[in-house]
Amino acid sequence: SWGGKFNIESTVGVGTRMIMTMPKASAPSWFVSSVHLRSNSAIVVLDDDQGIHQTWDSRFAGAGLDLS
């Protein structure tokens, strides 16, 4: 129902690969599309999901922000 694909490939004596492909989901309407900061602003990201921190770190680094 999500429009994805699931394939199983198996070769005797080699092994089995299971491949799941899902379409990229659109961001929900409530998710911010941009963040505007003044220079010398402090940014604090609070979330218990380490993946969220990695996502923000990569976005901040891509914007040339100092992450120290």
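Some ground rules. This is a predicted model, where local features need pLDDT of at least 70, side-chain atom pairs count only at pLDDT 80 or more, and totals for chains, interfaces and linings use all residues. Residues are numbered from 1 along each chain as its sequence is written, and side-chain values use heavy atoms, with hydrogens and water left out.

Overall shape next. The protein chain has a radius of gyration of 19 Å, while a compact globule of 68 residues would have one near 11 Å. The radius is taken over C-alpha atoms, and the globule rule is 2.2 Å times the number of residues to the power 0.38. Along the principal axes, the C-alpha atoms fill a box of roughly 60 × 30 × 20 Å.

Now the surface. The accessible surface of the protein chain is about 6,600 Å². Carbon and sulfur atoms own 54% of that surface. These areas come from the Shrake-Rupley method with a 1.4 Å probe, and for residues only the protein chains shown count as cover.

How much of the chain is buried? Buried residues make up 3% of the 68 residues. Buried means under 20% relative accessible area, exposed means over 50%, and partly exposed lies in between, with a 1.4 Å probe and protein chains only.

Contacts, meaning heavy atoms within 4.5 Å, come next. Take those between residues at least 6 apart in sequence: 3% join residues at least 24 apart.

Let's go to single residues. His53 sits in helix α1. His53 counts as buried because its relative accessible area is 18%. Leaving aside neighbours within four places in sequence, His53 touches Val45 and Asp47.

Follow that contact to Asp47. Asp47 belongs to the loop between β2 (15-21) and α1 (50-62). With a relative accessible area of 35%, Asp47 is partly exposed. Beyond its neighbours within four places, Asp47 is in contact with Ile52 and His53. Trp30 is 17 residues away from Asp47 along the chain, and their C-alpha atoms are 17 Å apart.

Is Ser29 buried or exposed? Ser29 is exposed, since its relative accessible area is 79%. From Ser29 to Trp2 is 27 residues in sequence and 19 Å in space, C-alpha to C-alpha.

Ser39 lies in the loop between β2 and α1 as well. Ser39 is exposed, at 69% relative accessible area. Its C-alpha atom is 9.8 Å from that of Leu65, 26 residues apart along the chain.

One more loop residue: Phe31, again between β2 and α1. Phe31 has 34% relative accessibility, so it counts as partly exposed. Phe31 and Met20 are eleven residues apart in sequence, yet 26 Å apart in space, C-alpha to C-alpha.

Phe31 brings us to the second largest pocket, where it is one of the lining residues. On a 1 Å grid over the protein atoms alone, a cavity is a set of points where a 1.4 Å probe fits but cannot get out; a pocket is an open set with protein on both sides within 12 Å along at least five of seven lines; lining residues have an atom within 4 Å of a point. This pocket holds about 170 Å³ of space. Grid points are joined across faces, edges and corners, and the volume is the space filled by probe spheres set on the points.

Which residues line the second largest pocket? Among them are His36, Trp56, Arg59, Phe60 and Leu65. By class, the lining has eight nonpolar, three polar and one charged residues. Nonpolar covers Ala, Val, Leu, Ile, Met, Phe, Trp, Tyr, Cys and Pro; charged covers Asp, Glu, Lys and Arg; the others, Gly among them, are polar.

Note on methods:
Helices (H or I, at least four residues) and strands (E, at least two) are DSSP runs, numbered from the N terminus.
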